[in-house]
Amino acid sequence: MKARLQSFWRFVRELATDDAYERYLQHHRHTHEDCAPLGRRAFYLRQQQNKWSGVQRCC
Amino acid sequence: MRKVLWSLVALIGAFAIGGVALHRGETINAMWIIVAAICIYAIGYRFYSKWVATRVLCVDATRATPAVRLNNGRDFVPTHRWIVFGHHFAAIAGPGPLIGPTLAAQFGYLPGTLWILVGAVLGGCVQDMTILFLSTRRNGRSLGQMARDELGPIGGYAAMIGTITIMLILIAVLGLVVVNAMKHSPWATSTVFATIPIAVLVGLYLRNLRPGRVLEASLIGVALLLAAVVGGGLVNEHETLRAWFDWDGRSLAAFVIGYGFIAAVLPVWLLLAPRDYLSTFLKLGTVLLLVLAVILMRPDLKMPALTQFIDGSGPIFGGALFPFVFITVACGAISGFHALVSSGTTPKLIGNETDVRLIGYGSMMLESCVAIVAMIAATLLDPGVFFAINSAPGVVGATAEAAVTTISGWGFPVTVEQMDSLAAAMGESTLFARTGGAPSLAVGMASILSSVFGQGLLAIWYHFAIMFEAVFILTTLDAGTRVGRFMVQDLLGHFSKRLGETSSYPSILVSSALVVAGWGYFLYIGVIDPNGGINILWPLFGIANQLLAGIALSVATGILIKQGQLRHAWVTAVPLAWIAVITTAATWEKIVSTDPRIGFLAAADQLANKVAAGTLSPEQMAVAPQLIFNQRLDAVLAIILTVILWIVIADMLRVARRVTRGLPVLPSSEAPAVVMEVRA
């Protein structure tokens, strides 16, 4: 039961992009060991800029 | 065992749909429609979507998707299919499927419901899935790029013009819906105004206090929004405050236009992004709540299956059942706009090709389900009340007495007292002539929700529903303005390098102003039009949206034929043919009809005659030249849109003919196949 709740919570966090920064850090560790990752705020700003430069919402 | 189960689903579905179609009593229970819809979606998804995916598109579970091949942790990221489903659904589901069915309910519950079900299962869902798949195979290219790569430059330009036009008209019509919902309603106006500082607060929280903590910020924001709904009620009871928020249509239109400009120029983190988080949570929550409430309450629909307005004399919009029910329902059945999302962010997140079925077909099915719920919310009202809310004064008469006499005369009894007590229960001064669909939907939603979750909270639920619609209409409005701005900047870049830079401030200001002026014009005209504006703008929006669907389906059909799937090309070609027939028929009607409620030119001539005869009041005289010009402009616009559609279809047929004759065509732009090592 507890495991289920935890996996549901993880699902909700991922859906809401609440865990985006943690995912970014994880990706960064794997691929760009040579340079320092962005801070939380810088990452958030870049993520929003990126998201809202295309068609994201519809009729 | 499986076969037995699916036969049972088919039987129940057939029985329910037969019940819905043949029922001729006073009322019908909404569960008939819900059961029919669920069975049709289940069968459509289980059999048709599977067949299309495996036999026509030939999805390949072992072929690496761009998200896997190009994974950069940013835009290309292989993501769990239910997460992508959530994001994709949040992107495609806007106010369209709520408003379209509400307006189409003037024909009765049956035509709209049937088209929502059939159109989605055979048309809209297939379009979304196919475009999503084709774009996934092409590294997430946009619809416009695919049109250019696969058909040629004509298709590319057509897609671009179609996109810009639909954007402008969509924003204008949505702006008009919000304006009509707030007009002379201090409660609605103050609540909607309050959503702006709330969004800014959430934006500041997400940037400065706790960067990126979306869940907690949204929770705080939604709580504040609910408080704003209650607070609006207090404003409404306070005499001085009440007067501050009692605005007329023109001032509200000016506000929406100014707001749209500011929102498009501000950085995204401040207003757009936080409000979008709030609107997405509200949207998912409210849709769930509504579906639950409909199932718990099982309301009776009071609207007849068919009304006399199928002949074209309807008060909400002029035009006969064919083709206007198909134009009006719009996004709930098939929406060209979705093709832009399906060829945007979503294909870059897909971890396995087989996921396109759930994400493309499935999301659209859910969207169609939202449209069904909107249809139920509209048709459970007394038809007299429904028409009193949705008919413009230019049609039923300017006073309450005149309106109830006209509407009761149609055989839908309604009284002034009934409307007044309903308005009082909803916390409004009047509900007459609140056109646009949002208020009647809100009344319907409020009756459903209050009967299940708190009787006596009608007024709160009504304004919650208005706030909910307004919040995501405003999100669509500034997201759309921003996308329009990028397109204009791209265009201006051809003339001046400086104006083409997306982050240069002069360029941002000039291009945003151009886009806002474009939709602001249509919004302003819609507000000054005594016939309510919706009558003109919604059909135009429907035509533009179907045009985009036509372009998407042409691209899909062309590619299928190029890939040697001529035998199966009907999967997209049949919906395309139907779209072409309905948009052309609708445009034809809008141009040649001599009924001024239908024909743009007839309306312009009628008004010009009145001006010449001098029978108009000075007020009407002042706006008449603008209205006449606008009707003629709309006629030209409708013709241009339809001609574009036929040019694209002709271009697709040219490519198809060359393929069948073995002549050379543009090479496929599909990315080379790479075998996936492990399933992502």
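Analyst: Chain B and chain A bury about 3,400 Å² between them, and carbon and sulfur atoms give 62% of that area. Buried area is the accessible area (1.4 Å probe) that two parts lose on being put together, summed over both. This is a predicted model, where local features need pLDDT of at least 70, side-chain atom pairs count only at pLDDT 80 or more, and totals for chains, interfaces and linings use all residues. Residues are numbered from 1 along each chain as its sequence is written, chains are lettered from A and ligands numbered from 1 in the order in which they are written, and side-chain values use heavy atoms, with hydrogens and water left out.

Chain B brings 48 residues to the contact and chain A brings 28 residues; contact means heavy atoms within 4.5 Å. B:Arg74, B:Ile83 and B:Leu215 supply 17% of the area that chain B buries against chain A, more than any other three residues. Two salt bridges are counted between the chains B and A. The term means a side-chain nitrogen of Lys or Arg within 4 Å of a carboxyl oxygen of Asp or Glu. A salt bridge joins the side chains of B:Asp276 and A:Lys51, at 3.7 Å from N to O.

Now the helices of chain B. Helices here are DSSP runs (H or I, at least four residues), numbered from the N terminus. Axes are lines fitted to C-alpha atoms over the stretch in contact, and angles run from 0 to 180 degrees between N-to-C directions.

Take helix 8 (residues 153-182) of chain B. Its axis comes within 9 Å of that of helix 12 (residues 249-265) of chain B, and the two cross at roughly 135 degrees. Helix 8 and helix 12 of chain B are therefore oblique to each other. Angles under 35 degrees count as roughly parallel, over 145 as roughly antiparallel, 65 to 115 as roughly perpendicular and the rest as oblique. The crossing is right-handed: the near helix is turned clockwise from the far one by less than a right angle. B:Gly175, B:Val179 and B:Met182 of helix 8 touch B:Gly249, B:Leu252, B:Ala253 and B:Val256 of helix 12. That contact has five nonpolar, two polar and no charged residues. Ala, Val, Leu, Ile, Met, Phe, Trp, Tyr, Cys and Pro count as nonpolar, Asp, Glu, Lys and Arg as charged, and the others, Gly among them, as polar.

Helix 8 of chain B also packs on helix 23 (residues 505-528) of chain B, at about 45 degrees with axes 8 Å apart. That angle makes helix 8 of chain B oblique to helix 23 of chain B. This crossing is right-handed too. Residues in the contact include B:Gly175 and B:Val179 of helix 8, and B:Trp519 and B:Phe522 of helix 23.

Helix 12 of chain B has another partner. Helix 9 (residues 186-209) of chain B packs against helix 12 at about 10 degrees, with axes 13 Å apart. That makes helix 9 of chain B roughly parallel to helix 12 of chain B. B:Thr189, B:Phe193 and B:Ile196 of helix 9 meet B:Leu252, B:Phe255 and B:Tyr259 of helix 12.
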